[in-house]
Amino acid sequence: MMSYWYAIPELYRDLFITSVLVVVFLLVLMGAVAYVTFAERKIIGYIQVRIGPNRVGPRGWLQPIADALKLLTKEMILPRKSSHFLFRVAPVLSIVPALGAWAVIPFTEGVQFSDINAGLLYVLALTSMGVYGVIVAGWASNSKYALLGALRSAAQIVSYEIAMGFALVGVLMASGSLNLTDIVNEQSGGITHWYWLPLFPLFIVYLISGVAETNRAPFDVAEGESEIVAGFHVEYSGMGFAVFFLAEYANIILISALTALLFMGGWLSPFEGYAALLSIPYIGVHLFEFFSLLLKIPFVDVLLGAGPHWFLIKTSFFIFCFLWFRATFPRYRYDQIMRLGWKVLIPVTLVWIFVEGVAIAMQVGPWFD
Amino acid sequence: MSFELIIFYFFSAIMVAAALRMITAKNPVYSILSLVLVFFTSSAIWLLLEAEFLAITLVLVYVGAVMVLFLFVVMMLNINIAQMREGFVRFMPVAIVVSLIMIAELVLVVVSKELSFERESNFVSEMGNTHALGQILYTDYLLPFETAAVILLVAIVAAIVLTLRHRVQTQSQNPAEQVKVKAKDRMRIVSLPSEDEKKY
């Protein structure tokens, strides 16, 4: 059996192994997406003093599976005067970029599908392509509400992409690299060395434009159920509708993972620089005793050290923020969204890139020396 | 046939088909989406040449921004296809001349000895395409690069000035003024004699 395996040229063997890994990863991601929808309903439920879904399975834990089965078995209706080919292609166009961007995301040092030098650019290019799904869906539906939703979304995504791009320029200036692994490694040295602190305005701008890029509340005017019914996906039913939702939640996870990587040190541990704390007079001695006691417990040193679990925790925190925003903020009006994007976020990023450039030239420590 | 060649022919075939579809499609929205596909496949071919920065920038700038705005405009237009076809025969000679000139230019580029298609050195592959481009753009070609940026800026300013109109009846809001408003600007408290006092 093994001899057959080694008879295949190495290139095709690698291709096969990578394809299997990609399929496994996509299945895990789809499971994560399903449970983010569950988390959303539960978390928003508790924020609004409700219980949320609790009928299917123990405490509602099988709800996403029931939802998936329901959507899979429903009929997909094609509007008669729609453009049939584009109508079917649009959901695919919206989900492929959301999944493709994961190719360069490092989960921990060296664990990623492809370690390319221009990783950050690749992610930016792919996330900017997600808008086609929305526009094509809106146009192909041949419906007024869908077209209005598509136009709103196109203008919004193109505007916020600029602010997002500038925020990323700040990150690549600080790290001197477009490679995501290098960017994380440049942030090593504990929680104060992560880029959220020196690039705080860019971090906030990135988070806000991330919410806007994914068309989430409070920037969900593309959907705007109170004004244009459901925006670009009014005409979709069954699996076509489900794929749009998968894409939206896959994008949320992606943006959260990117925020964790770029501004929160990815897989690095926040306790990395704790040795510096021990030199504080009086408290330092007690801290030393505390840490030496703590490290006697098995596995604690692994948990406190760098590893993919930190990446997971940080990503989950930002996913939680997305849901929290939805439960907290009322929807922006369309002109307010445009004003925020062009007149507030872009000037903020420009000013901070200038400040950062001066800081790098002056070699302000501990970040830029 | 090597793996690279298979990929090259795969993407080239899609690219040529999409380019043909772009000029033959009746509906301009289909034309634009085909053009997007052309950009995308040509970016894949650039990736094969290890020009990763150019390939990704092509997708980022053209697919992600320029074509979205194109699509945005075309979707809003109400194009009369019959009217567009009227001038087809009349403009044919001009179109033929233009395309002949372009074909001649392409042939001259491909045939010329000035341009060699051999990779000159491992200059690029050693430090990566992105790094190499950055190094060249910001040292040897700094002035032309900055000039190009200024020209683009002038074009943007010109386009905005051309379309800027102050219409009287627009109901735009000025957020700065809205924030400055105090309660007493909007509400006046008037003391009135109570009804009870009047009656009795």
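**View 1. Chain B, read along its sequence, follows the pattern α-α-α-α-α-α-α-α-α-α-α.** Its secondary structure comes to 11 helices and zero strands. Helices (H or I, at least four residues) and strands (E, at least two) are DSSP runs, numbered from the N terminus. This is a predicted model, in which local features need pLDDT of at least 70, side-chain atom pairs count only at pLDDT 80 or more, and totals for chains, interfaces and linings use all residues. Residues are numbered from 1 along each chain as its sequence is written, while chains are lettered from A and ligands numbered from 1 in the order in which they are written. Of the 200 residues in chain B, 12% are buried. A buried residue has 20 or more other C-beta atoms within 10 Å of its own, with C-beta atoms placed from the backbone.

**View 2. Helix α5 of chain B spans residues 92-111.** The helix has 20 residues and reaches 28 Å from its first C-alpha to its last. That is close to the 28 Å expected at 1.5 Å a residue, where the expected span is 1.5 Å times one less than the number of residues. The number of buried residues in α5(B) is zero, so this helix lies largely in the open.

**View 3. Helix α2 (residues 28-48) of chain B packs with α3(B).** Their axes are 9 Å apart, at an angle of about 175°. Axes are lines fitted to C-alpha atoms, for helices over the stretch in contact, and angles run from 0 to 180 degrees between N-to-C directions. The two helices are therefore roughly antiparallel, the term for angles over 145 degrees. Contact residues include B:Phe39, B:Phe40 and B:Trp46 of α2(B), and B:Tyr62, B:Met67 and B:Phe70 of α3(B). Two residues are in contact if their C-beta atoms, placed from the backbone, lie within 7 Å. By class, this contact has 20 nonpolar, two polar and one charged residues. Ala, Val, Leu, Ile, Met, Phe, Trp, Tyr, Cys and Pro count as nonpolar, Asp, Glu, Lys and Arg as charged, and the others, Gly among them, as polar.

**View 4. Chain B meets chain A.** Here 18 residues of chain B are in contact with 19 residues of chain A. Helix α3 (residues 52-76) of chain B gives the largest share of the chain B side, 13 residues. That side divides into 14 nonpolar, three polar and one charged.

**View 5. In chain A, helix α9 (residues 200-213) crosses helix α15 (residues 334-362).** The axes come within 9 Å and cross at roughly 150°. That makes α9(A) roughly antiparallel to α15(A). A:Pro201, A:Leu202, A:Val205, A:Ile208 and A:Ser209 in α9(A) meet A:Leu345, A:Val348, A:Thr349 and A:Trp352 in α15(A). These residues divide into seven nonpolar, two polar and no charged.

Conventions: Parallel < 35°, antiparallel > 145°, perpendicular 65-115°, else oblique.
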